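Work through the exercises below with the sequence and the model open. Each task is followed by its solution.

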Amino acid sequence: MRPPAPVGAVAAASAGAARAVGDASVEAYPRIVATLIRVTGDWALAEDCAQEALAVALERWPADGVPANPGGWLLTVARNRALDVLRRATVERRKLHDLALLTPPDGQPEAAAPEDVVDDRLRLIFTCCHPALAIEARVALTLRTVCGVPTGDIARLLLVSESTMTRRLTRARTRIAQAGIPYRVPSGPALTERLPGVLAVLYLLFTRGYVVDGEPAFADEAVRLARLLDRLMPKQSEVAALLALFLFQHSRRDARRDAAGNLLTLERQDRARWDRAAIAEGLGALDRVRHDGPYAWQARIAACHATASSADATDWPAIARAYDALMGIRPSPVIALNRAVAHGYAYGPHAGLSLLDAAQAGGGLDGNPLAVAVRADLVARQGDRLWAAALFREAAAAVDSTVERRALLDRAAELTR
Amino acid sequence: MKYMMFVCSDTEPDNDPTDLPDIHAWVAENDARGRRLTGDVLAPTSAATTVRVRKGELLVSEGPFAETTEVIVGFDLLDCADLDEAIEVARAHPMAREGRLELRPFADLSA
């Protein structure tokens, strides 16, 4: 939800400046943090100075106007702040010297960088997502250091106290230094090995935002980060696939709930409210995918939904084929369940039910209300309305979320009407 | 950075015998590259003796200080540029598959 637009010229100017700070921070924040870490080796100092630079901008820009090169302006302020702190602490001359030489980019930073110069932000992302850090530390550190989310916000949205989150971040930064985790992007075969771990952190950031009954928390950050990674590593098509997947799912963010706030399943959503620009960007990214990894197949499935003019017009046989492929490379009970759904729509409820039987035979879906709801839907389409209604009620009794329970009970009521 | 690499047994080893690295080749290569300073194999824990002094009294007992199913069977002292290099050295050790390896940096007492 955006706040209502302020009235009056002064308010408009300050809102414009605030937006400029926001826009600049998306691009500049991780660059500033990454650069200061590279030069000083001090993670906390880098974050504090970058944060302070943003605060100074919020104070000055409304009065002085937005500078021509906002990113360069912010880096200069952050660098000067770091110089002050280090001078006061009188640390090694070398760091001070390197900092003093650090000149902010002049408008065209990325284009000017030679091929062999690794973007500092990429270094930062790979270090924050190092496998020698616990997964929750990776998520928290990425949000704090790369995305610039305040510690208090991360704590609130990940349901821990602020002091716990502060400790977790401090421990992670200390561990990077103590364990000898390098500030470097791996090369060659090591890159291929490490990239999936980085993408898994991004995926976690994105999905944490999709808890039932909750609003998206970090989905915007995940999309921005995927976009940045895709720009920095254009040859890694699994990155493009993940970006496409995010964009397709994110395109439905305004259509997922009805006016009362109830979650809507895909076929009940108003497709006019899907974000067409996000879908177009996703299709562009998917177009560059030249391999068949897990994110590529998931993105292709999401693209089938995103491009269908109606639920009935969905290309279910294509989705069924994609789930067949996913089952081959990354089998899981949830994939097996979704595959049964896809085959049910593509080839009829009988095909879906036989795959559902097979999926449930493994025991991995025991007690999963979603599996019961899928069976209910397939049985309903076979024509056994009473049995289907009973199954929907069984699923409703087993879900945790009140919103989902209501939706399942509504389906049961429709069938017995 | 210096790392003590503890070579440990594991209750769930990887039993795939294909392309199992040769320990002698591993030692030779890492010694030659200056990444391994020393290392050795330890006798079984049944040969261990635990020593304590409490209230001035010497207490000597038979066996390791902690009875566990996973035990330290050897060690290597590594000198690597960073954790990534140490991980590369460790992964090529045969016990990475038949057991597990723990990389422990030395405490930086000057900091």
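**Exercise 1.** Which residue in S5(B) does B:Lys2 stand opposite? Describe the strand pair to which these residues belong.

*Solution.* Step 1: B:Lys2 stands opposite B:Asp79 in S5(B). This is a predicted model, in which local features need pLDDT of at least 70, side-chain atom pairs count only at pLDDT 80 or more, and totals for chains, interfaces and linings use all residues. Residues are numbered from 1 along each chain as its sequence is written, while chains are lettered from A and ligands numbered from 1 in the order in which they are written.

Step 1: Strands S1 (residues 2–9) and S5 (residues 72–79) of chain B run antiparallel and are joined by seven bridges. Strands are DSSP runs (E, at least two residues), as helices are (H or I, at least four), numbered from the N terminus; two strands pair if DSSP finds at least two bridges between them.

Step 2: B:Cys8 has B:Ile72 in S5(B) as its bridge partner.

**Exercise 2.** How do helices H17 and H18 of chain A cross?

*Solution.* Step 1: The axes of H17 (residues 349–361) and H18 (residues 369–382) of chain A come within 9 Å and cross at roughly 155°. Axes are lines fitted to C-alpha atoms, for helices over the stretch in contact, and angles run from 0 to 180 degrees between N-to-C directions.

Step 1: H17(A) and H18(A) are therefore roughly antiparallel, the term for angles over 145 degrees.

Step 2: Residues in contact have C-beta atoms, placed from the backbone, within 7 Å. Among those of H17(A) that meet H18(A) are A:Leu353 and A:Leu356; the H18(A) side includes A:Val374 and A:Leu378.

**Exercise 3.** How many residues does each chain give to the contact?

*Solution.* Chain A gives seven residues and chain B five. The predictor gives the complex an ipTM of 0.85 and a pTM of 0.78.

Methods:
Two residues are in contact if their C-beta atoms, placed from the backbone, lie within 7 Å. Angles under 35 degrees count as roughly parallel, over 145 as roughly antiparallel, 65 to 115 as roughly perpendicular and the rest as oblique.
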